[in-house]
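Hi,

Here is the structure I promised to pass on.

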Amino acid sequence: MKELIARAQELELAMKPVSEMVQQVVDDDEAEAFPSEVAGLLADQSVLHDFIPVAQGGRLQTLTGLMSIARVLARRNLTSAIALAQTFLGVLPVWIAGNNEQKARAAEILKNDGLNCLALTEELYGSDLQGNQVTITELDDEHFQIQGEKWCINNATKGKALSLFARSNEAGGEQGFSLLYVDKEAIDLSTTSNIPALKTHGIRGADISGINFHSTPIKKTAVLDRVGKGLNITLRTLQISRTLCAGLSLGAGDAALRMAADFVIKRQLYGESVSNINAVRGKLAGCFRDLMMAEAMGMVMSRACTRMPEQMSVYSAVVKYLVPTMVDEQIRVCGVLLGGRGYLREGDYPLFQKMKRDHAVVALFDGSTEVNLYVISGQLRALLKQDVSARKQQLSWQEIFDLNAETPSFTGDGLKLSNRGRDFVWEGLRALNVDSSALSSVCQTLLQQHSELVERFTVKEGELDQMSNESFKLVQDYCELTAKALYVQFWLHNREWFSSDLLRSDEWLNYMVGEGGKLDENSVFDVITRQLNENKLFSHGQFDLAG
């Protein structure tokens, strides 16, 4: 486990404490200026080296480690964390589908502190990738030319390169689009123009802009894989990026909970601390519970990207739907606890209102909440109705869920566009050999709830539309149940890493996945208080904070 988070821990302790960064972060946000700390992260911490696989001379090995880096950055400033995450997203198609020359050039750009972006969206088409109208057409034997405008792209102006999604066949369709890695040094920039940065509610200093191509010549060697593979590569790319977005939410959730807990402990009301009010402790406990569920999902699924990549078409969408949704709600509750302080852009907690605004965008990019529900809905029948009980599992369940088990380095291999009915979380739960009556009871309850979900789906199956409210409700219930089934196995295989007897207890497990009535929420408040006072990340395990 230490190996997974070692680089993130190193980066956390190398950065300034949050208290020393607050004013600059707020000032940048007020001025809608690109985050000041990014320059230091590039120059002093060489953070873009963490986005380059070891095979290309960088530091990227496990995606769990990369998610932890995103968490560290996001707890300080989501604007800078998202700008840097967009850079990883911009080169991710190259790591997945590029040739050796393309990978070498992408690595060189990152090593020279060049930001990147993934240019997917257009103003008229948004998430409808197959509607996109930016085109590449043949110019001569060695060149294409690019025509059209990409809009609302993070790092479109500041980026030194971009992975560009373009229509390569007028008819469109699954084989009608291509991805190109566009190195701005290799094209005639006089044939391009930038759209000025768009004004946004959150991440106000980010370079949310766009780029216009005016019959821009580009070498055919810029195409990733081959012409017509763009949609396939993009969908596989999003499986990784959607999963890693959990790190952004975890950082934001940690920051919000830290501010809320600090406030209610210090705030005196009627002669005593607000934290002595049971309802307040209950709200804090619920926020901590949701954050721990999000942590478990992020860690297991980031491992699954290299352990079970063929199943990430569904699971990446589950993570991207559920984690930002949970953390949005957690931040809302923290805002209730902060009261008026949560609205102020000054005072002791000015970062809260910024964190709340900034995190709202996490649910939008790399596929909105509704897009991810739609993705899962399209495979729901195969997930719920196939008999998987007799299927052979090539890996042990411990290899998948145990954070101490070796994780293959990220290569981008093995990603598929369909799970084909495989569902390792539920297959794993069915295969558990439980050693306690409490655990057995939890597993039986979850399996019964899953059976009831299958029955509900069967009754409605003939009349369900993939985009209907009924379909989306079934998907939401599937996601919530799957998160609980995942947590049981995460808890079972990783209890030795947990830093608290409470988190290792049967009562805690039932609180996380059951009714939760038997756990004294005061004991959860004690864990929150200890991690806050000891300057630890809100986590199952130990992670030291700079401040």
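Lysine 473, for instance, is partly exposed at a relative accessible area of 41%.

Before you zoom in, note that this is a predicted model, where local features need pLDDT of at least 70 and side-chain atom pairs count only at pLDDT 80 or more, while totals for chains, interfaces and linings use all residues. Residues are numbered from 1 along each chain as its sequence is written, and side-chain values use heavy atoms, with hydrogens and water left out.

**Salt bridges**

Side chains of opposite charge can pair when their charged atoms come close. I use "salt bridge" for a side-chain nitrogen of Lys or Arg within 4 Å of a carboxyl oxygen of Asp or Glu, and the structure holds 30 of them. Helices (H or I, at least four residues) and strands (E, at least two) are DSSP runs, numbered from the N terminus.

Aspartate 477 counts as buried at 14% relative accessibility, whereas arginine 456 is partly exposed at 39%.

Back in helix α1 (residues 2-14), glutamate 10 and arginine 7 lie three residues apart, about one turn of the helix. They form a salt bridge too, and their closest N and O atoms are 3.1 Å apart. Which of these two is buried, and which partly exposed? Arginine 7 is the buried one, with a relative accessible area of 15%, and glutamate 10 is partly exposed, at 47%.

**Two packed helices**

Now try α7 (residues 230-266) and α9 (residues 312-338). They pack at an angle of about 15°, with their axes 8 Å apart; axes are lines fitted to C-alpha atoms, for helices over the stretch in contact, and angles run from 0 to 180 degrees between N-to-C directions. The two helices are therefore roughly parallel to each other (angles under 35 degrees count as roughly parallel, over 145 as roughly antiparallel, 65 to 115 as roughly perpendicular and the rest as oblique).

**A covered strand**

Strand β4 (residues 161-167) is mostly covered, with seven of its seven residues buried. Ala161, Ser163, Phe165 and Arg167 point one way, while Leu162, Leu164 and Ala166 point the other. Strands pair if DSSP finds at least two bridges between them. β4 runs parallel to β1 (residues 116-119), joined by four bridges, with leucine 118 opposite serine 163. With β5 (residues 177-183), β4 pairs in the antiparallel sense over seven bridges, and phenylalanine 165 stands opposite leucine 179 there.

Finally, leucine 403 is in the loop between α13 (397-401) and α14 (424-431). Leucine 403 is buried, with a relative accessible area of 2%.

Cheers

Terms used: Buried means under 20% relative accessible area, exposed over 50%, partly exposed in between (1.4 Å probe, protein chains only).
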